[in-house]
Amino acid sequence: MLSPCRSPWCAYLQAALAVVSIAVLGALLLDRLDLANVAMLFPLGVLFAAIRLGRGPAVLAAFLSVGLLDFFFVHPQWTFQVSDLQYLVTFAVLLAVALISAELADRLRRERDAAEARGEEAARARLAVESERQRNTLLASLSHDLRTPLSALAGLAESLPLAGPPLPPVQAALAEAIRREALRTYRLARDLVDLARLQSEGLQLARAWLPVDELVGAALESRRLPLAAYRVVTDMAVELPLLEVDPVLLERVLGNLLDNAIAHTPAGGTILIQAACLEAGQLALSVCDTGCGLPPGREQAIFERFVRVPGESCGGAASADAGSGLGLAIVRLIVEAHGGKVAAFNQPTGGACFRLLLPVGEQPTPPPAEWMDSGS
């Protein structure tokens, strides 16, 4: 059997060898077969070339078949002269049949190759879907198995000082460290599962019209205790438009940005929240801090690579949270689901800023004054 070709010249050579082999076989069978039957052997070489080698070698095999048939088998032999013009019709029919067979066989070969290629792509797609499903199942199971004992561990550590006589300062500090680490690991497991779910299932937004100051106030209230160690400043433009957003998810976004600022800002630092309208029909909502800032040249990679400053927390109150960055990836997914964008950059005076650009839709029509008076 001929070996697979690795160059075009090899394919043409194999096609020629196949036709020559058929000519040798025909010469051996010429005493037992009529010339017409011998001529019918040559299309086999053309079909072989079309199926195995391609269209070009098949065309070569077709013309070579006619030439060998004329030179070796048609009277006068050993010459390309034709004594009977009827053989010209035979040559024409043989050449036409060979060329048509070559085209059809080559088309079938291409369709076969395309079908095989599609079956590889379909297999890869099924494998990717199955891998994603198994990953999400594993993460969900892992999160469930971790969060329950972590919650119990945090509760036990919190109640330890109340279980008896006051603990010495060292033991009290250890109990607080256990509680803090348990809660941190709990939040990490929660964010990991949420990120996998958002990436695989997408977001179903429960939109509602919401004032920006109400959204910011809810996020600040949810982080009231950790923010007590910082100077929190809000800079909100007057008469901000309403946002048609998912209140729960947008509060989660601001909460994650506040957690990130707390984790990377030393106690006593400043956390600034700004909101203003842009000319392009967007509202810019920023959370800035006076921490150590972002790695130069990697400001946007923070949303994909889950890092801020590796191994460094800048003395933030939640220093153990530094470096995970899962919350920032969730921020990007939620903001993009709302049709917005998120950007990160360093301030000239130090510290990092995270800016959300949210679309401002057509504002809802306020109820008539008469309706408001009658309702009151």
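## A tour from the disulfide to the helices

Start by selecting Cys288 and Cys353 and showing their side chains: the torsion about their S-S bond is about 110 degrees, so this disulfide is right-handed. Keep in mind along the way that you are looking at a predicted model. The sulfur atoms of Cys288 and Cys353 sit 1.8 Å apart, which falls within the 2.5 Å cut-off for a disulfide. The count for the model comes to one disulfide.

Now colour the two strands that carry this pair. Cys288 belongs to strand β5, residues 282–289, and Cys353 to strand β7, residues 352–359, so the bond ties together parts that are 65 residues apart in sequence. Are these two cysteines buried or exposed? Cys288 has a relative accessibility of 3%, so it counts as buried. Cys353 also comes out at 3% and counts as buried.

Cys10 is partly exposed, with a relative accessible area of 24%. Cys277 is partly exposed as well, at 41%.

**Next stop: a helix pair**

Select residues 42–52, which make up helix α3, and residues 55–73, which make up helix α4. Turn the view until you can look along both. Their axes lie 8 Å apart and pack at an angle of about 160 degrees. α3 and α4 are therefore roughly antiparallel to each other, since any angle over 145 degrees is counted that way. The crossing of α3 past α4 is right-handed.

Which residues of α3 and α4 meet? Show side chains on both helices to find them:

- On the α3 side, pick Phe42, Gly45, Val46, Ala49 and Ala50.
- On the α4 side, pick Pro57, Ala58, Ala61, Ala62, Ser65, Leu68, Leu69 and Phe73.

**Last stop: Glu176**

Finally, move on to helix α6, residues 169–201, and click on Glu176, which is found there. To finish, draw a distance from the C-alpha atom of Glu176 to that of Ala154. These two residues are 22 apart along the chain, and their C-alpha atoms are separated by 9.0 Å.

How values were computed. Residues numbered from 1 in each chain as written. Predicted model: local features only at pLDDT ≥ 70, side-chain atom pairs only at ≥ 80, totals over all residues. Heavy atoms only, no water. Axes fitted to C-alpha atoms, helices over the stretch in contact; angles between N-to-C directions. Helix = DSSP H or I, 4+ residues; strand = E, 2+ residues; numbered from the N terminus. Parallel < 35°, antiparallel > 145°, perpendicular 65-115°, else oblique. Left-handed = near helix turned anticlockwise from the far one by under 90°. Contact = heavy atoms within 4.5 Å. Buried < 20%, exposed > 50% of the residue type's maximum accessible area, 1.4 Å probe, protein only.
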